[in-house]
Amino acid sequence: MDLEIARHSLSHVMAAAVLELVPGTKLGIGPAIDDGFYYDFLLPPGAKFTPEFLEKISGRMNQIIQADPQFLPQNVSLAEARELFQKAGQDFKVELIDDLDAQGATEVSLYRTGDFVDLCRGPHVERAAHLRGTAWQLDRVAGAYWKGTEKNPMLQRIYALAMADKKALKKFVAAREEAMKRDHRKLGAELELFFISEEVGKGLPIYLPKGATMRRILERFVVDEELKRGYLHVNTPSLGRRYLYDTSGHLAHYAESMYPLMDLNDDQYVLRPMTCPHHFMVYKHKPRSYRDLPMRFAELATQYRREQSGELAGLIR
């Protein structure tokens with residue numbers, strides 16, 4: 001059986017269990033991911049996912065799998081789907097249907113598993129019993145903004161692990177525990193390489209002398225390797241006019257990950273999220289011939305990304 005299909009099907013089983021145990025929960029999305037699956041929930045006031053409650057969810061999931069309901073696909077019109085989820089009080093599903101409507105869709109796919117119904121393209125297993133051989137466990141709870149935007153409600157996301165069999169799951173969990181012992185955030189503090197200060201702000205590491213030395217060694221290595229490969233090094237400013245990022249398309253398609261525009265000298269400027277528009281200007285500043293190609297520009301540059309909550313983990317994004 002395809003593991004991704006099993007993981008996606010298990011996410012539906014988890015959502016069905018949560019809805020039974022916590023009536024009034026609003027559903028977000030629940031995809032398969034590299035090591036399992038997750039589902040996002042907006043719980044009623046006062047409800048929360050505790051470790052003990054995750055055990056209840058796991059127990060109910062096992063009961064659903066043993067009951068062996070079918071996963072039944074159904075194509076319906078947008079109007080039918082909207083009415084169905086409006087009656088169920090599933091506002092996020094209605095919003096997704098409205099998004100599909102704006103994109104020109106005329107019908108949507110639903111999947112029914114017993115009394116549970118979800119907006120989903122699938123595919124899924126034919127019956128829940130097909131999931132009995134898959135090894136899974138609910139892993140942790142995290143916060144996640146609806147559609148990844150901080151202006152939207154914060155949902156509770158349950159992450160779960162799912163592997164082909166118990167041996168594979170046990171091996172994955174053991175490897176992850178070993179990796180956690182070597183987590184760079186833990187080692188960074190223990191080896192006095194860097195730290196993150198609450199006074200400075202989240203996601204803003206301060207390199208200590210040892211860490212700065214390691215960084216300098218890496219930077220010199222990178223520059224030397226680039227020179228060997230024919231790169232031409234340039235230096236460009238951290239700011240750019242709005243015009244530059246309008247022209248590149250970043251403001252139209254990437255604005256949520258950029259810092260706000262700044263008014264300076266009767267113009268608007270923005271901290272660059274990447275260097276490519278500046279490097280385009282390096283190429284453009286004088287006429288070029290095909291004989292000049294290929295041209296490889298490189299720069300050790302700071303880029304400024306407006307990361308959302310959950311996108312950063314120490315020095316990793």
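Biologist: What should I know before I start?

Modeller: This is a predicted model, where local features need pLDDT of at least 70, side-chain atom pairs count only at pLDDT 80 or more, and totals for chains, interfaces and linings use all residues. Residues are numbered from 1 along each chain as its sequence is written, and side-chain values use heavy atoms, with hydrogens and water left out.

Biologist: Which residues of the largest nonpolar core touch the most other members?

Modeller: The term first. A nonpolar core is a set of buried Ala, Val, Leu, Ile, Met, Phe, Trp, Tyr and Cys residues joined through side-chain atoms within 4.5 Å. Buried means under 20% relative accessible area, exposed over 50%, and partly exposed in between (1.4 Å probe, protein chains only). Here the largest core has 33 residues. Met14, Phe41, Phe49, Ile57, Met61, Leu138 and Ile158 touch the most other members.

Biologist: Which elements give two or more residues to this core?

Modeller: Helices (H or I, at least four residues) and strands (E, at least two) are DSSP runs, numbered from the N terminus. The contributors are helix H1 (3-21), strand E3 (36-42), helix H2 (51-67), strand E7 (135-145) and strand E8 (154-163). H1 gives the most, with eight residues.

Biologist: What is leucine 138 in contact with?

Modeller: Contact means heavy atoms within 4.5 Å. Neighbours within four places in sequence are left aside. Leucine 138 then touches Met14, Leu54, Ile57, Ser58, Met61, Ile158, Tyr159 and Ala160.

Biologist: Which residues of helix H10 are buried?

Modeller: In H10 (residues 276-284), Pro277, His278, His279 and Val282 are buried. The buried residues of H10 pack against strand E12 (239-241), helix H8 (242-248), helix H9 (250-253) and E15. Leucine 239 lies in E12. With neighbours within four places set aside, leucine 239 contacts Met262, Leu264, Val270, Leu271 and His278. Leucine 239 is partly exposed, at 33% relative accessible area.

Biologist: How many salt bridges does the structure hold?

Modeller: Side chains of opposite charge can pair when their charged atoms come close. A salt bridge is a side-chain nitrogen of Lys or Arg within 4 Å of a carboxyl oxygen of Asp or Glu. The structure holds 22. Take lysine 181 and glutamate 178, whose closest N and O atoms are 3.0 Å apart. The two sit three residues apart in helix H5 (residues 166-181), so about one helical turn separates them.

Biologist: Which pair links distant parts of the chain?

Modeller: Arginine 241 bridges to aspartate 267, with closest N and O atoms 2.7 Å apart. Arginine 241 is in E12 and aspartate 267 in strand E14 (residues 267-271), 26 residues apart. Arginine 241 is partly exposed, at 39%.

Biologist: Is glutamate 299 buried or exposed?

Modeller: Glutamate 299 counts as buried, at 16% relative accessibility. Its salt-bridge partner is arginine 272, with closest N and O atoms 3.7 Å apart. Arginine 272 is buried as well, at 2%.

Biologist: Which residues form a nonpolar patch on the surface?

Modeller: Patches are made of residues with over 30% relative accessible area and no salt bridge; like charges are joined within 9 Å, nonpolar side chains (Val, Leu, Ile, Met, Phe, Trp, Tyr) within 5 Å. Accessible areas come from the Shrake-Rupley method with a 1.4 Å probe; for residues, only the protein chains shown count as cover. Here Tyr207, Leu315 and Ile316 form a patch, with about 260 Å² of accessible area together. Leucine 315 is partly exposed, at 36%.
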